[in-house]
Amino acid sequence: MTEVSMKNRKKMYGGRWRGVKEFLKVYRKNKLGMIGLILIIIYVFIAIFAPYITPYNPYEKTGKPFIPPSPEHIFGTDELGRDIFSLTIYGTRISLFVGILATLLSAVIGSAVGILSGYFGGLIDDLLMRITDLFLIIPGIPFLIVLSVILGSNIWNIITVIAIISWPSTARLVRSETLSLKSRTFIEAAKLAGATDTYILTRHILVNVLPLISASIILTITRAIILEAGLSFLGLGDPTKISWGTMLYFADRYGAMFSSNPYYIIIPGVALSVLGLAFVFVSYAVDEIVNPRLRTRRLR
Amino acid sequence: MVLGLYKPTNGKVIYKGKDIFRMRRREWRKIRHKLQMIYQDPYESLNPRQKVFDIIAEPLRLNKLYSSKDEIYDKVMGVMESVKLVPPEDFMIRYPHELSGGQRQRVAIARAIVTEPDFIVADEPVSMLDASLRASILDLLLGFRDKLGVTYLYITHDLATARYVGDRMAIMYLGQIVESGQIDELIENPMHPYTQALISSIPVPDPEYTRKKKRIKLKGEPPTPINPPKGCRFHPRCPYKMDICEKEDPEEINVNNGHMVKCWLHIKK
């Protein structure tokens, strides 16, 4: 009996990824979504293997300043004679790192606020939602600029600042889903079985809002990456780290557009736009699957 | 409320001689698994992200009724077999959306009886199911009544199934019990006008009978329970309304050993 039961227990947990598999099956039919996903995978690959791809160390002077594209430097060099190609490749790392980390941070804050506020309601809900409204109402970019000036230009501060302005939308989303879950009878059934609030929140509510949270993560990443680039372009980025934003900032400052090497501006710009586009494609595809209203429209 | 989820504004819920709302927390924790519930809608009452095994095992785990995983496993297997979810190995790894309505309701019943309760509130457990499935689910419930000695509070508007499962019946109108007693006695000999109307509305599959029968039709809709009518709550729709009905709420009286009615018609002046 015990041996059989052990085997069964394994089988029970084996089906955990079934939902993911079903999701991928639907996702694969979405062409734009697949293009976006492949692009993102390429970017991640580039970020991880940056040292093996780049011909030069991006922090070192490897030629004269502003060399136009040549066999040695395929996209030329910047004002210090550094290789643009290598800089851009390394920039992928920072852009992805900041984007992903800021998004995760904002997802954690947003989900926690949303779930607590939706589940407990009453005074807690009022309080948390007023705070959320406050952050939602503040115009993002000016607030970002002010905050990063106050906190200083350091990569962790940038991550924090981006997370601070992106969590409210997640919180709103999660709260409304929690509200509708809360009134379902299986929550009452769990209470009846003797479940504590913590148990219900983690075992019943969180698992049911998780798909929504992951969809909102993908939406937020796009925003976070663009925000990071925007901040860095305004000169508020971390000057010791290479990101596409800081590259654009220096390119702009040294008048790269009208120098002998306009690729200094074009290449990081293109890299940024394509990554942004890739995430937008993916988020549209995911949205279409997760959002039941869009799904029915597509099936029709 | 009977199961301690909502606090009553007045009145008591007595379990084994004790008011459950006056119990100490620890005491309440010890007995709460003896009081269970089966819900009307098996599509709503099961968490879509839990496997059948976890759904049924949850009350055991939460109440720490068994210490070892093997004991829980064996218990769940046994209960699944007794509600005819066989083979249990097959069903326990499924999610609710992979089951039919009848199977889901069996899971809900399994969940309710797994803690071996004394008392189960069954809120229209068969109203969402096909007529062909109702009898088998009801027989299942009756089987547990006989085997485990469970008491049911069976909430329904379907008098036919009520008679099938019930011993005693209480008819409620606008939140008040208007008539109660042995179920056969109540159906054969209804005293309250509301009960009479209810019983006359049961469809009988016999055209001959239906043509001859005169149905009592009630006028209008039940008023809002937030602001119930003065006097007897049923008076605005009652076909036998008297003057006193508008002014005073009748007392509940015992008409025939345990058959209680709350109506001025039966109160002798």
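**View 1. Where helix α5(B) meets helix α6(B) in this predicted model.** Gly102(B), Gln105(B), Ile109(B) and Ile113(B) of α5(B) touch Leu133(B), Ile137(B), Leu140(B), Phe144(B) and Leu148(B) of α6(B); residues are in contact if their C-beta atoms, placed from the backbone, lie within 7 Å. By class, this contact holds 7 nonpolar, 2 polar and no charged residues (Ala, Val, Leu, Ile, Met, Phe, Trp, Tyr, Cys and Pro count as nonpolar, Asp, Glu, Lys and Arg as charged, and the others, Gly among them, as polar). Local features need pLDDT of at least 70, side-chain atom pairs count only at pLDDT 80 or more, and totals for chains, interfaces and linings use all residues. Residues are numbered from 1 along each chain as its sequence is written, and chains are lettered from A and ligands numbered from 1 in the order written.

**View 2. How the axes of α5(B) and α6(B) cross.** The axes of α5 (residues 101–113) and α6 (residues 131–148) of chain B come within 11 Å and cross at roughly 15° (lines fitted to C-alpha atoms over the stretch in contact, with angles from 0 to 180 degrees between N-to-C directions). That makes the two helices roughly parallel, a term for angles under 35 degrees.

**View 3. The side of chain A that touches chain B.** Here 20 residues from chain A join 25 residues from chain B. On chain A, α1 (2–14), α9 (185–192) and α10 (197–233) each supply at least two residues; helices are DSSP runs (H or I, at least four residues), numbered from the N terminus. The largest share, 7 residues, comes from α9(A). This side of chain A divides into 8 nonpolar, 8 polar and 4 charged residues.

Key. Parallel < 35°, antiparallel > 145°, perpendicular 65-115°, else oblique. Contact = placed C-beta atoms within 7 Å.
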